[in-house]
Amino acid sequence: MSMDAKLDQVVAHQKALGDKLASGEAMDPPTLAQLSKEYADLTPVVEKIEALRKAQAEMADLAGLIADPDGDDEMRELAEAEFAELKDSLPALEGELKVLLLPKDEADAKNAILEVRAGTGGDEAALFAADLFRMYQRYAENHRWKFEVMEMNETGIGGYKEAIANISGRDVFARLKFESGVHRVQRVPTTESGGRIHTSAATVAVLPEAEEVDVHIAENDLRIDVYRSSGPGGQSVNTTDSAVRITHLPTGLVVAIQDEKSQHKNKAKAMKVLRARIYEKQRAEIDAERAAHRRSQVGSGDRSERIRTYNFPQGRVTDHRIGMTLHKIDAILEGEGLDEMIDALTTEDQAARLAAVE
């Protein structure tokens, strides 16, 4: 099938969806929501197709004017200038359309579970983990996403051994999925009297939030343990057995949540995290079978892979996957400057996927 025929199909399909939605035909809410989303997703694609075809049609008209032997010289000159301008704009239009036509990651529109853990570096690593967690919290606020803390294991000096949040909003996973990996920091710790620069690390995992329809978990595949919550330094913060640890026996995945005083709420949160981890595990296995899907220049998303360095003395942040360095560490940690890096990672991923299909 020619590219023109494929584009005709896209336009016709979007029109058919629009007609169906406008017909007043009775539909159950899930069907209506699905058709509405599909129509909305196709709208920017159709608009780009129309812009491309309009430019091509105008070029054909101008070519006729230029080729007319009886035409006015001044008009021909204007037509040639306009033709050249349109011709220059075509590659960009075609490139934008190709990106829009790339197969979508089904998880892109999902909410996300964010997990940040201190790595090597002791207290300094825990302090850095807290910095990263707050960075994503501010980033979520800037995008008007909901940021719900699900679990927080503090060190007592302001650091986090582990922190988990549920982030919900528009295209959350699409924007944050390249953040998974090892983040390294180079700075002079506040506890360092000699002024020496220390290197420590924290691990970030961004998982697409999974619905029950995405992942089926059998009740007899779970071992659920309850125990008393404890705070920093092991002190008891709750006199009831409200903390919950869920082990998924087939995979060995374990989730422990003690953030809420209610055992029921902690179990619900733990199940949400567990479902996301199983869903991501299944996605990773499928991706591995497809071989190339995640082996692009933005990395595999493997949490063992060092992806970024935050160098405080030099005020810079470097993403090692795309070789990008920004000298705006404060803006990035405030969440404001992170978009520039995420945009670059997204563009690199799109370029790699385009190269794979061409």
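Helices (H or I, at least four residues) and strands (E, at least two) are DSSP runs, numbered from the N terminus. The model is predicted, so local features need pLDDT of at least 70 and side-chain atom pairs count only at pLDDT 80 or more, while totals for chains, interfaces and linings use all residues. Residues are numbered from 1 along each chain as its sequence is written, and side-chain values use heavy atoms, with hydrogens and water left out.

The chain has eight helices and 11 strands. Of its 358 residues, 39% are buried. Buried means under 20% relative accessible area, exposed over 50%, and partly exposed in between, with a 1.4 Å probe and protein chains only. Contact means heavy atoms within 4.5 Å. Among contacts in the chain with a separation of 6 or more, 61% link residues 24 or more positions apart.

Two packed helices are described by the angle between their axes and the distance between the axes. Axes are lines fitted to C-alpha atoms, for helices over the stretch in contact, and angles run from 0 to 180 degrees between N-to-C directions. Helix α1 (residues 3-22) packs against α2 at an angle of about 135°, with the axes 9 Å apart. The two helices α1 and α2 are therefore oblique to each other. Angles under 35 degrees count as roughly parallel, over 145 as roughly antiparallel, 65 to 115 as roughly perpendicular and the rest as oblique. The crossing of α1 and α2 is left-handed. A crossing has this hand if the near helix is turned anticlockwise from the far one by less than a right angle, and is right-handed if clockwise. On the α1 side, the residues that meet α2 include L7, V10, V11, H13, Q14 and L17. On the α2 side, they include L35, Y39, L42, V46 and I49.

Helix α2 (residues 29-67) also packs against helix α3 (residues 73-101). Here the angle is about 155° and the axes are 9 Å apart. Helices α2 and α3 are therefore roughly antiparallel to each other. Their crossing is left-handed.

L42 lies in helix α2. This residue is buried, at 17% relative accessible area. Leaving out residues up to four places away in sequence, L42 touches V10, H13, Q14 and L17. The C-alpha atoms of L42 and Q14 are 6.3 Å apart, although 28 residues separate the two in sequence.

Nonpolar burial was examined next. In soluble globular proteins, nonpolar side chains tend to be buried together. A nonpolar core is a set of buried Ala, Val, Leu, Ile, Met, Phe, Trp, Tyr and Cys residues joined through side-chain atoms within 4.5 Å. The largest such core holds 58 residues. L114, L132, Y136, L176 and Y310 touch the most other members. Helix α4 supplies the largest share of this core, nine residues. A second, separate core has 17 residues, including L17, V46, A79 and L90.

Y136 is in contact with L114, F147, L176, E179, H183, V204, R308 and L338, leaving aside neighbours within four places in sequence. Q137 is found in helix α4 (residues 122-142). At 26% relative accessibility, Q137 counts as partly exposed. The C-alpha atoms of Q137 and I167 are separated by 8.7 Å, with the residues 30 apart along the chain.

G337 sits in the loop between α7 (329-333) and α8 (338-357). This glycine is buried, with a relative accessible area of 8%. Beyond neighbours within four places in sequence, G337 contacts L326, A331 and I332. G337 and Y139 are 198 residues apart along the chain, and their C-alpha atoms are separated by 9.0 Å.

Two polar side chains were also found to be buried. H248 belongs to strand β7 (residues 243-248). Its relative accessible area is 7%, and H248 is therefore buried. The side chain of H248 makes a polar contact of 2.7 Å with the side chain of T251. A polar contact is a pair of N or O atoms within 3.5 Å; within protein, one must be able to donate a hydrogen and the other to accept it, and residues adjacent in sequence count only if both atoms are side-chain atoms. Not counting residues up to four places away in sequence, H248 touches I217, D221, L222, L253, L274 and I278. E280 lies in helix α6 (residues 263-290). E280 is buried, at 11% relative accessible area. Its side chain forms a polar contact of 3.2 Å with that of R283.
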